[in-house]
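Hi everyone, thanks for coming. Let me put the structure up, and then we'll walk through its core and one stretch of its sheet.

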Amino acid sequence: MDCKEFAKLNGSDDERDCIGLHGTAGESDVPSKISGLEHLKNKKYNKGLAFCLEERQLLGIHGLLPAVVKTEEEQVTHSLILLNRLENNLDKYMYLSDLAERNERLFYKVLASDVSKMMPIVYTPTVGLACQNFSKIFTHPKGMYITLNDSGHIYDVLKNWPETDVRAIVVTDGERILGLGDLGANGMGIPVGKLSLYTALAGIKPSQCLPITLDVGTNNQSLRDDLLYVGLRRNRLSGVVYDEFIDEFMHAVVRRFGQNCLIQFEDFGNANAFRLLAKYRDNFCTFNDDIQGTASVALAGILSSLKIKDTALKENTILFFGAGEAALGIAGLCLMALIDNGLTEEEAKKRIWMVDSKGLIVVDRPKGGLTSHKLRFAQNHEPIDCLAEVVKAVKPTVLIGAAAVGGAFTQDILESMALYNDIPIIFALSNPTDKAECTAEEAYTHTKGTCIFASGSPFQPVEYNGKLLHPGQGNNSYIFPGVALGVICAGMLTIPEEIFLIAAEKLASLCTPSDLAKGSLYPPLHKITKCSVEIAISVMDYAYKNGLATVRPEPADKAKFIRAQMYNPNYQPTFPKTWLQKL
Ligand code: NAI
């Protein structure tokens, strides 16, 4: 398929673009139709005080700005000064959110100026706070709200989105936002935040990203009673009507944006998340980040830990606290990796133990509560209710928390882990920070500095016995932007599970010996864009090898091809250079 056919398959009304072109270098990418004033008002084209004198005069905006002309670097510095004077993280989030609406490129420049400092503001943990306050702080429509009142017309609603060339959608129905529960329409902060990371960390053009909240009501009574609440004040939809609504949405997306438009599911409730993934994964370009992205980043952390411990995965026993989307996703991918390591499925299953709110998951558990996903990991063992007792019985080498029960890894449990292992591996993945099963400091202190620790939300390095220990952050952002970039660049129409195993192995391989020596299980956050590109190359390799790529011909140099598609946050000339030279 050539570029034009690719664009047609993509279903775009606008076929000028093959894959994410962002304008020929040095030439203007600004449509000639828009007025001078629009350049100041439109976030895509606004440069603020960086418009040069010629641009100001040609655009007819001369006099609307003060005399000074700033460089992009000066604007970034200015933004950072304004940001740093704010003490409260929610205020910082609001400042950046507002900047993104005023001047998109500057927003991405500011994010890129210090990714490790900015990510906790635009994403977890602050995004949790933003979602809790979303109705209060709502100012701009940053994505689409499709409500159940739109049933039967979802395609028409999607047509109202001003961009035609959408390649990536992140969608939530707000039922399980981080570890914060049902936040209804307030969950919009999540798709918005995730997609800003698509651009910041993988260079996917902002105009190609569409955040969507499916407002199907909320069972959160305090939200429905909140005068400021921006969503539907009704019980959450469920059952057949819910399924029909989702089905209409999926088909409307394909009709509007094409079969290769990636749909990332985010923060759906547990029961729906698994069902919808199973239903759509073989026929739509879709994945669930809470299940598959989490699995991939956690497995990468385990693989890095094993390098530090110098053991093979198959020599380990993994105990999960929690058996929801995150834990079952990780367990499933670990199973795949263990089988890849040479174990049979039966042998591999013996290496994975799980605890949920009813205790250890065992065959014929008297307390019940075993869904088919959990049954897959049910052990032949007597029931045990309490995690501390399970740790003593199972003696895991790896303990992973994903139950959103803050402080669940008690001193007793952490000490047991240190008793059974020279180097225990402890991941407290629950978000936000107060839901983490233990803090980095607790993990290091109660294991006497011996453990390898990673968390979902960031923790500062901890000094223990004069040594600085660096906790890893099992942040899905290491995985989903790179996977999405590879999927989009190859034009994949479905995303098989192997992609997440490949991404995990690639990410672990990018951790250098010096990262590992510090106890860091992941490359430093400032290298995350490089990780995204490397993961995207691996994804593309897999897609072409397995006949899943639709972009033809196969690029000879995939790294170069990928980089050519990526968003350039530098200002583009408002007028072609050749024009200005003639003046
Ligand atoms: P979920 O709602 O699907 O699952 C929660 C699980 O915890 C359920 O199996 C439930 O039975 C179990 N649970 C609840 N209370 C329990 C208790 N007292 N004792 C034992 N088990 C209990 O939620 P999901 O999606 O699995 O997320 C869980 C946590 O993991 C959240 O805090 C989320 O933010 C975090 N997470 C972290 C990620 C990361 O670090 N990269 C990515 C995705 C999720």
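So, the largest nonpolar core here has 154 residues, and those with the most contacts inside it are Leu96, Ile169, Tyr198, Ile212, Phe249 and Met354. By nonpolar core I mean a set of buried Ala, Val, Leu, Ile, Met, Phe, Trp, Tyr and Cys residues joined through side-chain atoms within 4.5 Å, where buried is under 20% relative accessible area with a 1.4 Å probe, protein chains only. Helix H25 (residues 528-545) gives this core its largest share, 11 residues; helices are DSSP runs of H or I, at least four residues, and strands are runs of E, at least two, numbered from the N terminus.

A quick word on the source: this is a predicted model, with local features needing pLDDT of at least 70 and side-chain atom pairs pLDDT 80 or more, while totals for chains, interfaces and linings use all residues. Residues are numbered from 1 along each chain as its sequence is written, and side-chain values use heavy atoms, without hydrogens or water.

Now, which residues cover the two faces of strand S10 (residues 425-428)? Ile425 and Phe427 lie on one side, Ile426 and Ala428 on the other, and all are buried. Strand S9 (residues 398-401) runs parallel to S10, joined by 4 bridges; strands pair if DSSP finds at least two bridges between them. Gly401 has Ala428 as its bridge partner in S10.

On to the next neighbour: S10 also pairs in the parallel sense with strand S11 (residues 452-455), over 4 bridges. There, Ala428 stands opposite Ser455. Thanks, happy to chat!

How values were computed
Buried means under 20% relative accessible area, exposed over 50%, partly exposed in between (1.4 Å probe, protein chains only).
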